[in-house]
Amino acid sequence: MKPLMINPPLLNSANPWCTTLEELQELYNCPFTGAVTTRTSLLNGFPHDPNIHQYTFFNPTTHNASPDNANASADQTGSLNTLGYSPILLGEYLKFIKTISDRTREARSFASSTSSPNLPSSPTIKPFIISVTGSIDEVLQCYRLITAHQQNVLMPLAMEINLSCPNIPNTPPLAYHTDRLAEYLIALKAEIATQLLSQPPSQQQELAAAQVLIGIKTPPYTHADQYHNLINALLASAVASPSTVSTPVSFITATNTLGSALLLSPRLEAPSSPTLTTTTSSSTSGAVLPREVLHSTLNSATGTGIGGMAGAPLHPLALGNVYTIKGELFRHTELEAIQIIGVGGVEDAEGFRRMRAVGAAAVGVGTALGRKGIRVFEEIAEALGKGRRGSEVWRA
């Protein structure tokens, strides 16, 4: 199994700020990202409704919240969202990537034909991680589409399966369950084998080398049995037929947001009871005063405002997940080559160092990208003293 090459080992996670072609192009152009992840998409899109699918940044101590990055203060390092998935179809994301590939090809061709030192250097080729979700059959179709698209673009493609979103009503995250997760992985292993065997033996090795890598995005695990469920699903896929193919998973993105989180904000309401009155010294009549009532800060599909928490409050749990998953993978020779992309609360060089120290091959940024924009990657790189690129200076 070949590794996913991310150099520098810094990228965005799948989040609302990598939805459009413009956002993806900006992430790809950034010299401080080693890969780009798309927002999670489906074959037929997601029915996004801004009235119930929302996000906010908040202060983890006071819970003061801002609905957008323009108004977020420096201490609002947490985020809460009730979002689902991208309203943009997978097919559109493949077109976005083709557009970025064509632009990159043109820029590289121009750079190679020009030797002027005043012109920018040739653009770097970096992987695209395409985040998808759906039923087993839908995810298999996603993989076929992405595999077919690989020959149309310059950059290596990988597929991340998101089975860990906490915000979809009546659809608990499948990555908590051994059997359900194993069904996806075994089906994908069979698909990989089918693609390989469909080629003449002389071409199978070449096809395997160009294989679109598969990763899974896991939810935050909080006790040992959940980690065991993940490992057991991976092992089940490793031993499933055919034996010529190992587990289909090359990388694990850990973690997604932590569900069942709630923010409350005060609102003034007219009193519903005559007991909420006061009498001033200048008047004998009762003055009816509005009262302050706590309501959920966000709306949601369930009507509760409960959603997934990320950012700084998630960081210690994310570190624990990366550390524990890495340790569990090392216990099994069939799984020890699986890489981890550490995600959760990283917004500076110290967070990057911590993620790398617990075993992350690369580090993803989500909430801080929403708060700070693309400059967050440069800030991390400059604080590490890394300059622009280079494998040596990006070591943890």
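Let me start with Lys-372 and Glu-379: their side chains form a salt bridge, 3.2 Å from N to O. The term means a side-chain nitrogen of Lys or Arg within 4 Å of a carboxyl oxygen of Asp or Glu. Glu-379 is partly exposed, at 30% relative accessibility. For the cut-offs: buried is under 20% relative accessible area, exposed is over 50%, and partly exposed lies in between, with a 1.4 Å probe and protein chains only. Arg-375 joins in as well, in a network of salt bridges with Lys-372 and Glu-379.

A word on the basis. This is a predicted model, where local features need pLDDT of at least 70, side-chain atom pairs count only at pLDDT 80 or more, and totals for chains, interfaces and linings use all residues. Residues are numbered from 1 along each chain as its sequence is written, and side-chain values use heavy atoms, with hydrogens and water left out.

How many salt bridges does the rule give? The count is 9.

Next, helix H2, residues 90-112. Helices here are DSSP runs (H or I, at least four residues), numbered from the N terminus. Lys-95 and Glu-92 both sit in H2, 3 residues apart, about one turn of the helix. Their side chains pair in a salt bridge at 3.3 Å, N to O. Lys-95 is exposed at 52%. Glu-92 is partly exposed at 33%.

Now helix H4, residues 178-197. Arg-180 and Glu-183 both lie there, 3 residues apart, about one turn of the helix. They form a salt bridge, with the closest N and O atoms 3.6 Å apart. Arg-180 is partly exposed, at 37% relative accessible area. Glu-183 is partly exposed too, at 40%.

Key. Helices (H or I, at least four residues) and strands (E, at least two) are DSSP runs, numbered from the N terminus.
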